[in-house]
Amino acid sequence: MKKYAVILSSLAFLLTACASAPAGSITPTPDPTATPVITPTPTEAPTATPSPTMAVYEEVSFDDWRGNAGCRMPDYTFSAPHKPQPQQGEKVVWPTEGVTLRYSADSLEEVAEIFHTTVENIKELNPDWQDNYSRNGGRYWYLKVQAEPYTVPENNVVTVTVNAPWVEGYYDRTEVSDVPASLDKQARAALASAYYFQYHWFGMHAGFMPYEKLDEPVGFFNYRAADGAFYTKFSEFSSFLHTVYSDAWIDDMLSMDPAPFAEGESDTILTIDGDRGSNIAYCGHVFTEPELQPDGSLTFYQVVLTCESEDFAGWAGDDPVVPDTATLQPVRLVPTEGGWRVDALGLPN
């Protein structure tokens with residue numbers, strides 16, 4: 001599916017190398033195709049009239065969501081709402097003068113529609129637009145979408161720590177993520193769980209560790225998850241996935257060719273082992289405000305900050321780095337009877 005192109009393109013290289021209701025705190029907006037917030041202070045929006053097709057469910061509490069998962073779930077801690085900070089800490093200076101705004105999409109028409117402009121204007125902003133097209137992925141990457149500088153939003157976030165104490169590897173046991181403060185607690189936990197899973201098992205690394213080598217390969221799989229892994233029973237792993245993600249997201253992941261996981265004999269998990277690098281120019285990410293859509297979903301953007309200057313020499317020096325570019329990545333949560341589920345999310349680096 002289109003919404004997973006960023007994740008799938010990252011995984012393609014590593015696989016080749018290695019054989020609910022809407023939260024009451026959300027302010028609905030009537031325009032489902034609204035452009036990203038380009039002012040640091042959000043403005044009040046009129047209350048939208050729900051569409052007749054809006055999905056309506058009873059609100060699910062965080063405790064019920066976690067307790068009804070049907071599997072062992074991680075522990076969660078939540079901070080108070082606070083202003084976002086660049087993930088590189090004191091090495092990064094907040095870009096007060098604005099940055100270049102970029103977006104990746106399957107077509108120029110898609111970009112023009114999202115940003116309420118024309119294909120001709122997108123081509124003018126990107127004289128090298130043809131060079132930004134990847135025939136392998138069928139996608140235009142990092143297109144500049146407006147001439148004026150983009151003001152990076154400073155919407156409040158909540159820091160969520162996800163900890164799975166049974167995981168053997170210390171590094172893989174915990175993930176600390178910022179998520180939009182205007183999400184309810186259950187939605188915050190679901191989104192933080194998705195960051196945890198994707199950073200450790202389906203992004204920077206793909207596959208569960210530790211693992212056992214199979215006596216005979218099963219298709220392209222050479223390993224099964226062993227004691228100390230996030231999960232060792234496929235039924236439990238499936239319960240976790242369905243507690244965090246939409247059915248469509250799960251189906252897409254498990255139907256990849258090749259897929260990172262599969263069900264083995266006796267409820268085991270067949271797994272791969274792969275890694276990829278990260279973007280050295282990554283400075284951190286923030287969020288636009290979640291917006292309620294007519295179908296009941298919440299959509300917003302992950303605003304990924306990078307330094308694309310030729311003068312950028314890495315992070316070893318003493319000089320602070322000022323991000324000069326923001327790339328928007330869509331995030332989507334959908335309501336279900338069991339609470340919010342993540343339907344679109346890519347790792348920011």
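Let me begin with Trp129, which counts as buried because its relative accessibility is 18%, where buried means under 20% relative accessible area, exposed over 50% and partly exposed in between, with a 1.4 Å probe and protein chains only. Before I go on, please keep in mind that this is a predicted model, in which local features need pLDDT of at least 70 and side-chain atom pairs count only at pLDDT 80 or more, while totals for chains, interfaces and linings use all residues. Residues are numbered from 1 along each chain as its sequence is written, and side-chain values use heavy atoms, with hydrogens and water left out.

Tyr140 is also buried, with a relative accessible area of 14%. A search of the whole structure finds 36 aromatic pairs, and rings of Phe, Tyr and Trp (its six-membered ring) pair if their centres lie within 6.5 Å, with planes under 30 degrees apart counted as stacked, over 60 as edge-to-face and the rest as tilted. One of these is formed by Phe62 and Tyr76, edge-to-face at 5.6 Å centre to centre with 85° between the planes. This pair links distant parts of the chain, 14 residues apart, with Phe62 in helix H2 and Tyr76 in strand E1, residues 75-78; helices (H or I, at least four residues) and strands (E, at least two) are DSSP runs, numbered from the N terminus. Both Phe62 and Tyr76 are buried. Trp129 and Tyr140 form a tilted pair, 6.3 Å centre to centre and 40° between the planes.

Let me turn to Asn126, which lies in the loop between helix H4 (119-125) and strand E3 (133-134). Asn126 counts as buried because its relative accessibility is 3%. Leaving aside neighbours within four places in sequence, Asn126 is in contact, meaning heavy atoms within 4.5 Å, with Asn132, Tyr142, Leu143 and Lys144.

My last topic is helix H7, residues 234-244, where Phe234, Phe237, Phe240, Leu241, Thr243 and Val244 are buried. The partners against which the buried residues of H7 pack include helix H6 (185-201) and helix H8 (247-254). H7 and H8 pack at an angle of about 135° with their axes 9 Å apart, the axes being lines fitted to C-alpha atoms, for helices over the stretch in contact, and the angles running from 0 to 180 degrees between N-to-C directions. That makes H7 oblique to H8, since angles under 35 degrees count as roughly parallel, over 145 as roughly antiparallel, 65 to 115 as roughly perpendicular and the rest as oblique.
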